[in-house]
Amino acid sequence: MDSAPDRQARAIRLGRRSIVALLLVSATGVAAFGWPLLAGSASGLAHSQDAPWLFAALLPLLLAVVVAAIADSGLDAKAIAMLGVLAAAGAALRPLGAGTAGIEPMFFLMVLSGRVLGPGFGFVLGAVSMFASALLTGGVGPWMPFQMLSMGWVAMGAGLLPGPDRLRGPREVLMLAGYGAAASLFYGTVMNLQGWPYIGSLATGVSFVPGDPVQENLARFVAYCLATSLGWDVPRAVVTVTATLALGPTVLKALRRATRRAAFDAPVTFGGQPPGKETPARR
């Protein structure tokens, strides 16, 4: 007979309102990243003008995700404590590479945490970790809300990978390493969309041209990524894969042990008596 699956606890269980809030945040992010491709030639495309408004819009939406999660499943003190610890660890890992050639060791932790704790927790963790690291490193600017959203997507995607309760061992680590590589490249690519319109005034062969057909701008964007960011994206992917293969089994085991001890799925009871038993009345 097959053994029972090792069911993972979820610090945040997504309900209807949580899913709607996540979809709303993601739709806003897709529009924020992609609207320059559809803008007219006289629109004035500097993200420095729209990013503060996006920041003001995204933060309440991120808060709505947390509030919806509390309403749907209860984000208790244990989940908040774990979120704080992992966000602090992620924020501390990010400066270790000092921005050198895309060496960002926080990616592997976001991937593994999203895998163990689920997509809802992963999205909040990715966004909060990026926000904390920006405050820690002084990296606050118009790009920060884009970074928060992108990292939230990375960690959430890890929580949506197949086999969370059954897949274990080397196959799971290999899957996470492959996802980490793809997510590292994805993060660099979508963040390029945030900065790419800046170079329009340079009139180079890879510059964005407002009002040009989408396919022509996409061709320039691919050339821009290959020419400017590939040297950062590939090392980021290599570091993520290496850290996942080397440390993944240990970190996954530690995270799962912590979630078991936290007992997120355990019902809350009061008093010392087990459920179903009452203390005899005094005579």
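Student: Is Glu172 buried or exposed in this model?
Tutor: The model is a predicted one, and the answer rests on a computed relative accessibility. Buried means under 20% relative accessible area. Glu172 has 2% relative accessibility, so Glu172 counts as buried.

Student: Which residue forms a salt bridge with Glu172 at 2.5 Å between the closest N and O atoms?
Tutor: A salt bridge needs a side-chain nitrogen of Lys or Arg within 4 Å of a carboxyl oxygen of Asp or Glu. Here the closest N and O atoms are 2.5 Å apart, and the partner of Glu172 is Arg256.

Student: How many residues apart in sequence are the parts that Arg256 and Glu172 tie together?
Tutor: Arg256 is itself buried, at a relative accessible area of 8%. Arg256 belongs to helix α9 and Glu172 to helix α7, so the parts tied together by this pair are separated in sequence by 84 residues.

Student: In which helix is Arg115, whose side chain also meets that of Glu172 in a salt bridge?
Tutor: The side chains of Glu172 and Arg115 meet at 2.8 Å, N to O. This pair links distant parts of the chain, 57 residues apart: Glu172 is in helix α7 (residues 170-195), and Arg115 is in helix α4 (residues 106-117).

Student: Is Arg115 buried or exposed?
Tutor: The limit for buried is under 20% relative accessible area. Arg115 has 1% relative accessibility, so Arg115 counts as buried.

Student: At which residue does helix α9 bend?
Tutor: A straight helix of 33 residues would span 48 Å, whereas α9 (residues 230-262) spans only 41 Å between its end C-alpha atoms. The bend is about 65 degrees, and Pro249 follows within four residues of the place in question, which is Leu247.

Student: Which residues do salt bridges with shared partners join into one network?
Tutor: The structure holds six salt bridges. Those that share partners form one network of Arg94, Glu104, Asp233 and Arg236.

Key
Residues are numbered from 1 along each chain as its sequence is written. This is a predicted model: local features need pLDDT of at least 70, side-chain atom pairs count only at pLDDT 80 or more; totals for chains, interfaces and linings use all residues. Side-chain values use heavy atoms; hydrogens and water are left out. Helices (H or I, at least four residues) and strands (E, at least two) are DSSP runs, numbered from the N terminus. The expected span of a helix is 1.5 Å times one less than its number of residues. The bend at a residue is the angle between axes fitted to the seven residues ending there and the seven starting there. Buried means under 20% relative accessible area, exposed over 50%, partly exposed in between (1.4 Å probe, protein chains only).
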